[in-house]
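Here's a quick tour of one protein model, from its sheet to its salt bridges. Have a look at the structure first.

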Amino acid sequence: MHFIYCGKERSIDFEESKLASSFACAIIAHHATNLADTLSSELGILSKSDPILITSLRRVPRGTNGGFSLTGLGCSMLGGFLVGFGAFLSDSLSGLDARPIPYVLFGTVLGTSGSIIDSVLGATLQVTYFDDEKKLVSANFSKRNARRISGLNILSNTQVNFVSVLITSAIGFCI
């Protein structure tokens with residue numbers, strides 16, 4: 001859409017080109033959310049303590065949808081930072097007039113926000129069960145030994161990711 005409506009890439013400058021800048025911000029928000037959520041999920045599970053469910057603030061087993069820890073939050077911020085910094089480097093190396101602080105702050109804030117949105121959606125709209133026999137977290141509700149920890153069986157993990165990225169990209173576009 002950026003190419004169709006705005007042509008070639010240019011510096012993010014809302015006074016010069018609001019639409020092109022909005023699309024660029026939406027793209028950064030999209031990638032920042034993806035990496036922030038991935039790092040928070042994959043590395044946050046290594047936290048020394050069990051996560052806290054974002055909607056109730058009670059301790060839940062690792063791997064619970066909507067669970068968060070300080071380690072996961074830090075990893076989320078790192079993911080957003082890396083995307084913001086990468087966008088700055090990419091634009092700078094392409095000869096565009098890019099300033100590092102706005103790129104890095106934008107990526108960090110939107111990536112972290114997107115990861116938090118993903119956690120809220122996961123805690124509320126994505127079911128999580130705990131298999132007492134195997135001591136495992138599962139999204140499979142057909143197990144007899146599983147008890148529901150959180151969420152409703154409305155969205156899958158892929159759908160939660162899609163919706164959180166869509167919301168964050170829209171926020172990035174509108175900023």
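This is a predicted model: local features need pLDDT of at least 70, side-chain atom pairs count only at pLDDT 80 or more; totals for chains, interfaces and linings use all residues.

Residues are numbered from 1 along each chain as its sequence is written, and side-chain values use heavy atoms, leaving out hydrogens and water.

Let's start with the sheet. Three strands make up an open sheet in the order β4-β3-β5, with antiparallel pairing. Since β4 (136-138) and β5 (146-150) each have a single partner strand, they stand at the edges, so one side of each is left without a neighbour in the sheet. On average, neighbouring strands are turned by 35° against each other, direction ignored (axes are lines fitted to C-alpha atoms, and angles run from 0 to 180 degrees between N-to-C directions). Strand β3 (residues 128-131) is joined to β4 by three bridges; strands pair if DSSP finds at least two bridges between them. Asp-131 sits opposite Leu-136 in β4. Helices (H or I, at least four residues) and strands (E, at least two) are DSSP runs, numbered from the N terminus.

Now for the nonpolar core, a set of buried Ala, Val, Leu, Ile, Met, Phe, Trp, Tyr and Cys residues joined through side-chain atoms within 4.5 Å. The largest one has 13 residues, of which Ile-12, Ile-28, Tyr-103 and Phe-106 touch the most other members. The elements giving two or more residues to this core are α2, α3 (70-93) and α4 (100-125), and α2 gives the most, with five.

On to the salt bridges, meaning a side-chain nitrogen of Lys or Arg within 4 Å of a carboxyl oxygen of Asp or Glu. The whole structure has two of them:

| Pair | N to O distance |
|---|---|
| Asp-50 and Arg-62 | 3.9 Å |
| Arg-147 and Asp-132 | 3.2 Å |

Arg-147 lies in strand β5 and Asp-132 in the loop between β3 and β4, so this pair ties together parts that are 15 residues apart in sequence. Arg-147 counts as partly exposed at 44% relative accessibility, and Asp-132 counts as partly exposed at 34%. Buried means under 20% relative accessible area, exposed over 50%, and partly exposed in between (1.4 Å probe, protein chains only).
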